Amino acid sequence: MRAPSTLFDKIWDAHLVDVQEDGTCLIYIDRHLVHEVTSPQAFEGLRTAGRSVHRPQATLAVADHNVPTTDRSKGIQNPESRLQVETLEKNVADFGVPYFETDDIRQGVVHIVGPEQGFTLPGTTIVCGDSHTATHGAFGSLAFGIGTSEVEHVLATQTLLQQPAKNMLIKVDGELPPGVGAKDIVLAIIGKIGTAGGTGYVVEYAGTAIENLSMEGRMTVCNMTIEAGARAGLIAPDEKTFEYLKGRSMSPKGAAWEQAVEYWRTLKSDDAAKFDAVVELDASELVPEITWGTSPENVIPITGNIPDPAQESNPQKRAAWERSLAYMDLKAGAAIEGTPIDRVFIGSCTNGRIEDLREAAGIAKGRKVAATVGAMVVPGSGLVKEQAEEEGLDKIFIEAGFEWREPGCSMCLAMNDDRLEAGERCASTSNRNFEGRQGKGGRTHLVSPAMAAAAAIKGCLTDVRKLEAED
Amino acid sequence: MEKFNKLTGVAAPMPIRNIDTDMIIPKQFLKTIKREGLGKNLFDEMRFLDDGSENPDFVLNKPAYRNASIIVAGENFGCGSSREHAPWALKDFGIQVIISTSFADIFYNNSFKNGMLPIKVDAETLAKLMEDAERGANATLTVDLEAQTIEGPDGGTVHFEIDSFRKHCLLEGLDDIGLTQQKTSKIEAYEEKQKTAQPWLSA
């Protein structure tokens, strides 16, 4: 009888093509997502070596990082951004890779597009030259980010050379209090284990609070696994997963669907499976979370105070906190709530899905964005935008004073024209608060969509539960 | 891929934890479609002042470290994005070895693909090497991959661990894709098996 194994072990074993004597594994890659920033050098490498794409139909390309979120019919103004998108267009044509054009309604952030199309399926291995590939683990797939050399390797061979990872279980039980959601769960986890806490691990999320999340909430949690250092985070698929996937354009159909679901139901860790590390969290104790510094591990409750480096005994950590405080222009010991902000960004692969927009619109409805704040909403894909407009969310946002934009990565990393000016402070639903991430000198506070909307209304970092109490 | 065997060079100290990929190469430089030329923007936001002039306080701008080929850094170096532009920028600048207590997984992988050597050492060793690196022009280290050793300016030597396959590929300068393509029959056999077992994936 085989030893009890984890979900990760099962997916890993099912994808082994070869194991070398030194333990290095060659694993098969079922699905490969490609975008314009990390692929040009990979296609160029294929061209130089006279290689082809091994399995174009297992590949899906879309431009997302550089695309403008304003009127797209005018094309891309920045010549370098334009060249990068045009290069992708040439590469997918030359190598026969399926591609969604920038004016296709299916275009969007690559990690929103994959699940939306049913390209992302349980039990598969999924890679992309992008660290937030972890998102797709919400479907019980092994999904992780790779570099451009590895993109080239997958294009040429549909495989990757990898060392097996260790297993970490993060168990979140209990009921989430009102005003607290998936983003708060994952921020709390990163705050607890640290930005290198998951290095070398694949994380499996479990527990009642995870089971109770929608697929979109689960994607938010898995998405930010990389911010805790783990390349992949996954959640065992269940009826919610199958319900989400059924009928999507690339999902299996008919008898193949039945056969797939039968297999997908077997995808879970055995009860006796051993994890190398276990972390537990009580969801009922969570409050809306926020980052204060320039690492995603700098998490405090919105009701909390900014930490004092003098209280930190580790000298490297103390130095990092001092550097963060200076960059963020914050005072140790002060309350984070009430800090005035200049900008709000709602969108990204972390929080650019329809439920995120509903959550933010629920706060924005009937209210006005503070006069001192510039706020924008960037749907994760053309289909998310269309759905939001059908529900009238665009009107709620526009009436409240938010800008309603075209889909793309936008100000999550500011590769297009959407960016913070030096010194501007932003409440953002994205995933990284690194120095300069949203624009040189820009100051990012990571929050949930509801918290970002609340900050836009109040003009300062605020506890969304106070606004909810007014409703 | 270029071979890596032995390197003697100046080591620059960067005692900062969580040096992330946005610090190493900010996103405005990711718009290139080439691998080369990123060195001039390595650590751009730390290295240059707002007016574009060099920040004299930044380590790689100091005379002793302008030709550094080794960086000794705080824990979790290279965290954040998967951008291979980070190792490309370091390499283009002339950095071939990075020594830290830990690296982000994707950055660690990406470095090897570019003939660079990221070395993990324990906290005590790092503290010693950081001290060595802080000696300015005398901060010369010799890294020997074959022997898996780092020799300090005083002649003291420390041993480091490295996965044997990565070491082999780096010493020989092997091309991963070429190696894998020698296993094409195994890949095709896997695909045949998958067609029967999980036909919905091949449709």
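I take helices (H or I, at least four residues) and strands (E, at least two) as DSSP runs, numbered from the N terminus. The model is predicted, so I keep to its limits: local features need pLDDT of at least 70, side-chain atom pairs count only at pLDDT 80 or more, and totals for chains, interfaces and linings use all residues. Residues are numbered from 1 along each chain as its sequence is written, chains are lettered from A and ligands numbered from 1 in the order in which they are written, and side-chain values use heavy atoms, with hydrogens and water left out.

**Entry: a loop residue in chain B**

I looked up B:Asn55 and found it in the loop between α2 (44-47) and β2 of chain B. Is B:Asn55 buried or exposed? Its relative accessibility is 17%, so B:Asn55 counts as buried. Buried means under 20% relative accessible area, exposed over 50%, partly exposed in between (1.4 Å probe, protein chains only). I then listed its contacts, meaning heavy atoms within 4.5 Å. Leaving out residues up to four places away in sequence, B:Asn55 touches B:Met46, B:Arg47, B:Phe48, B:Leu49 and B:Asn61. I also checked B:Ser164, which is 109 residues from B:Asn55 along the chain; their C-alpha atoms are separated by 40 Å.

**Entry: the chain B sheet**

I traced an open sheet of seven strands in the order β4-β3-β2-β1-β5-β6-β7 (chain B), with mixed pairing. Two strands pair if DSSP finds at least two bridges between them. From one strand to the next the twist averages 25°. Axes here are lines fitted to C-alpha atoms, for helices over the stretch in contact, and angles run from 0 to 180 degrees between N-to-C directions.

I looked at β5 (residues 140-144) and β6 (residues 149-151) of chain B: they run antiparallel and are joined by three bridges. B:Asp144 stands opposite B:Thr149 of β6(B). Helix α4 (residues 105-112) of chain B packs on the sheet and touches β3 (97-100) and β4; its direction makes about 135° with that of β4(B).

**Entry: the chain A sheet**

I found five strands in an open sheet, ordered β5-β4-β3-β6-β7 (chain A), with parallel pairing. Its edge strands are β5 (99-100) and β7 (142-145) of chain A. Strands β3 (residues 31-34) and β6 (residues 125-128) of chain A run parallel, joined by three bridges. I noted A:Cys128 of β6(A) as the bridge partner of A:Leu33.

**Entry: helix pairs in chain A**

What angle do α2(A) and α5(A) make? I read about 50° between α2 (residues 40-49) and α5 (residues 148-157), with the axes 8 Å apart. The two are therefore oblique to each other. Angles under 35 degrees count as roughly parallel, over 145 as roughly antiparallel, 65 to 115 as roughly perpendicular and the rest as oblique.

I next took α13 (residues 354-364) of chain A, whose axis comes within 8 Å of that of α16(A) and crosses at roughly 30°. That makes α13(A) roughly parallel to α16(A). In α13(A), A:Asp356, A:Glu359, A:Ala360, A:Ile363 and A:Ala364 meet residues of α16(A), including A:Pro449 and A:Ile457.

I checked the cover of α16 (residues 449-458) too: nine of its 10 residues are buried. Among them are A:Met451 and A:Ile457. Just after α16(A), A:Gly459 has a positive phi of about 80°.
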